[in-house]
Amino acid sequence: MKMASLKTMTSSVAALALCAGAAAADENAELVINGDIEIVTRTEAPAHLAGHLDEIRSGWTFRTRETQALEMDDFDNPGMIFVEKAIEAWDTVDGTEGKSCASCHGTAEEGMAGVKAVYPKWNEAAGEVRTMEMQINDCRTNRMGAEEWKYSGGDMTDMVALIASVSRGTPMNVAIDGPVADTWAKGKEIYYTRFGQLNLSCASCHEENYDNYIRADHLSQGQTNGFPTYRLKNTKLNAVHDRFKGCIRDTRGVPFGVGSPEFVALELYVASRGNGLSVEGPSVRN
């Protein structure tokens with residue numbers, strides 16, 4: 001097990017009783033969903049993480065065996081309830097144009113397989129990096145003539161979970177160069193910037209101290225390949241920007257807004273850190 005140095009952590013963090021311990025998870029277990037969807041949960045880190053990480057790991061490898069088991073069968077995965085709701089929404093006509101998602105894309109399996117693996121991505125027509133949520137709202141407003149959904153609201157997060165579910169097993173392959181390079185660099189800067197009264201960056205926990213415990217929480221690498229994720233802690237499906245917001249709040253800092261350019265950039269950078277891991281959402285976490 002990796003024993004990370006705590007020298008970079010502040011005295012405030014030390015007061016939270018950060019300590020190393022044996023993981024309750026089976027870190028070497030293999031994740032196969034429904035007996036046939038093989039998920040890569042550990043692999044060599046992408047080249048852009050040279051000097052930072054040698055191996056990347058899904059958050060699944062840090063969870064207890066009981067929590068791991070919930071994700072191995074869709075009948076046991078509570079996140080799939082929300083996917084089923086999204087399937088109904090996918091086929092429902094909404095807006096002034098008399099269209100549903102299925103009108104343009106067919107079934108989710110036909111139209112969306114593999115899509116989640118490349119988001120966030122550059123949208124040439126809009127001249128910007130778009131998250132999945134941004135693209136969904138563009139389709140709703142400009143193609144369906146429907147009202148946009150709240151960025152991290154239930155309808156939106158359910159739909160992102162559906163799109164993720166039909167991409168499960170596909171390797172994450174988020175672009176970091178070309179027109180996204182500036183946004184990616186901004187996201188990297190945010191990732192390593194310390195925030196809040198506790199003076200912590202994303203890297204303080206998820207790069208320098210993963211596999212350690214902070215109070216009762218087993219720190220992961222903070223990968224986003226499993227989002228949206230059903231958290232046992234709040235018994236609902238959670239969007240990635242809400243998780244970012246919660247992390248900054250826990251540093252006693254002031255979070256960026258959900259859907260803000262800062263969080264879009266951070267999502268792009270963090271997603272690229274998982275390049276090579278499989279899409280596995282909706283995942284199950286603590």
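Where is the place of asparagine 34?

**View 1. Asparagine 34 in its loop.** This is a predicted model, in which local features need pLDDT of at least 70, side-chain atom pairs count only at pLDDT 80 or more, and totals for chains, interfaces and linings use all residues. Residues are numbered from 1 along each chain as its sequence is written, and side-chain values use heavy atoms, with hydrogens and water left out. Asparagine 34 sits in the loop between strand E2 (31–33) and strand E3 (37–39). Helices (H or I, at least four residues) and strands (E, at least two) are DSSP runs, numbered from the N terminus. Asparagine 34 is not a glycine, yet its phi is positive, about 60 degrees. Most residues other than glycine have a negative phi, and most peptide bonds are trans.

**View 2. Two cis peptide bonds.** Tyrosine 119 is joined to proline 120 by a cis bond, with omega near 0 degrees. Proline 120 lies in the loop between helix H5 (108–112) and strand E6 (121–123). The bond between glycine 281 and proline 282 is also cis, with omega about 0 degrees. Proline 282 belongs to the loop between H11 and E12.

**View 3. The largest pocket.** It holds about 1,200 Å³ of space. On a 1 Å grid over the protein atoms alone, a pocket is an open set of points with protein on both sides within 12 Å along at least five of seven lines, while a cavity is a set of points where a 1.4 Å probe fits but cannot get out; lining residues have an atom within 4 Å of a point. Grid points are joined across faces, edges and corners, and a volume is the space filled by probe spheres set on the points. The lining of the largest pocket has 40 residues, with His206, Asp217, Arg243, Cys247 and Asp250 nearest the centre. H10 gives the most, five residues. By class, the lining has 16 nonpolar, 15 polar and nine charged residues. Here Ala, Val, Leu, Ile, Met, Phe, Trp, Tyr, Cys and Pro count as nonpolar, Asp, Glu, Lys and Arg as charged, and the others, Gly among them, as polar.

**View 4. The second largest pocket.** Its space is about 340 Å³. Of its 19 lining residues, His105, Met112, Gln135, Ile136 and Cys139 are closest to the centre. H6 gives the most to this lining, with six residues. The lining divides into 13 nonpolar, four polar and two charged residues.

**View 5. The largest cavity.** A search of the whole structure finds one cavity of 30 Å³ or more. The largest cavity holds about 110 Å³ of space. It is lined by 14 residues, and closest to its centre are Lys116, Val160, Phe227, Val240 and Glu267. H6 and H11 are the elements that give two or more residues to this lining.

**View 6. An aromatic pair, phenylalanine 62 and tyrosine 210.** The pair is edge-to-face, at 6.3 Å centre to centre and 90 degrees between the planes. Rings of Phe, Tyr and Trp (its six-membered ring) pair if their centres lie within 6.5 Å; planes under 30 degrees apart count as stacked, over 60 as edge-to-face and the rest as tilted. Phenylalanine 62 lies in the loop between strand E5 (55–57) and helix H2 (65–70), and tyrosine 210 in the loop between H9 and strand E8 (212–214), so the pair ties together parts that are 148 residues apart in sequence.
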